[in-house]
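This report describes the sheets, helices and aromatic rings of a protein model. Please examine the sequence and the structure before reading on.

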Amino acid sequence: MEGKTVKYRISRDEWKLFFARLAPKARYLWYLFALTAVFYALYTLLSMALAGTTAAGAVYLLFVVYILLFIYIARGALPRGRLERYERRLQDQYGTANLHYEITFGADRFQYGCRERSKQKMEIPYGSVEKLTTDGRLVVLHLGRRGAGVSIVCPADAFQGGAQGMIDLFRSKNPSCKVVQR
């Protein structure tokens with residue numbers, strides 16, 4: 001595939017699949033854990049301070065606020081909420097939510113970008129791909145450390161040989177790359 005350029009688009013269903021099964025979710029779990037810890041601390045302090053008083057309504061109000069925040073953050077972690085935020089961001093930046101992506105493969109690096117932002121293409125050495133995640137329909141290249149890196153999403157049918165062809169290419173260029181199949 002050296003010297004070859006692959007052009008593709010990702011449908012809304014494929015983005016939803018990515019956010020549901022293949023996108024990193026650790027950040028949202030930490031938010032929920034932190035919110036629960038803060039709620040427990042506040043609830044403990046208030047219940048001790050208000051023990052024996054008629055301020056039970058304040059504790060009940062605190063419980064209601066906690067439940068609303070929990071629901072708000074949990075809904076944001078769901079695939080539909082993440083997809084809608086992503087689409088709004090693309091629409092605001094590029095005027096469309098359906099970008100034209102392309103990957104050009106070289107000898108020791110590949111170039112990734114989209115037509116809508118043609119001057120901002122990334123040149124990525126094969127060695128910086130730490131993990132490939134696939135479910136048969138999508139192939140996700142994870143660059144950099146978990147949570148702070150970049151994920152490049154590609155439909156498997158855009159590549160010759162599908163997901164396995166993509167895995168074989170990256171494993172031949174970077175043998176230390178992990179492959180996760182879901």
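What is the order of the strands in the open sheet with antiparallel pairing? The order is β1-β2-β3-β4, and this open sheet has 4 strands. The model is a predicted one, in which local features need pLDDT of at least 70, side-chain atom pairs count only at pLDDT 80 or more, and totals for chains, interfaces and linings use all residues. Residues are numbered from 1 along each chain as its sequence is written, and side-chain values use heavy atoms, with hydrogens and water left out.

**The sheets**

Helices (H or I, at least four residues) and strands (E, at least two) are DSSP runs, numbered from the N terminus. Two strands pair if DSSP finds at least two bridges between them. Strands β1 and β2 are joined by 4 bridges; lysine 7 has glutamate 102 in β2 as its bridge partner.

A further open sheet, with mixed pairing, has 4 strands in the order β7-β6-β5-β8. Its edge strands are β7 (150-155) and β8 (178-181). Strand β6 (residues 138-143) runs antiparallel to β7, to which 6 bridges join it, and leucine 143 has valine 150 in β7 as its bridge partner.

**Helices on the mixed sheet**

Two helices pack on this sheet, as the table shows. Contact means heavy atoms within 4.5 Å. Axes are lines fitted to C-alpha atoms, for helices over the stretch in contact, and angles run from 0 to 180 degrees between N-to-C directions.

| α1 (residues 12-22) | β5 (129-134), β6 and β7 | about 55° with β6 |

**Aromatic rings**

Rings of Phe, Tyr and Trp (its six-membered ring) pair if their centres lie within 6.5 Å; planes under 30 degrees apart count as stacked, over 60 as edge-to-face and the rest as tilted. The count comes to 18 aromatic pairs. Tyrosine 66 and phenylalanine 70 form a tilted pair, 5.9 Å centre to centre with 45° between the planes. These two residues are separated by about one helical turn because they lie 4 residues apart in helix α3 (residues 56-77). Tyrosine 66 counts as buried at 12% relative accessibility, whereas phenylalanine 70 is partly exposed at 31%.

Technical notes: Buried means under 20% relative accessible area, exposed over 50%, partly exposed in between (1.4 Å probe, protein chains only).
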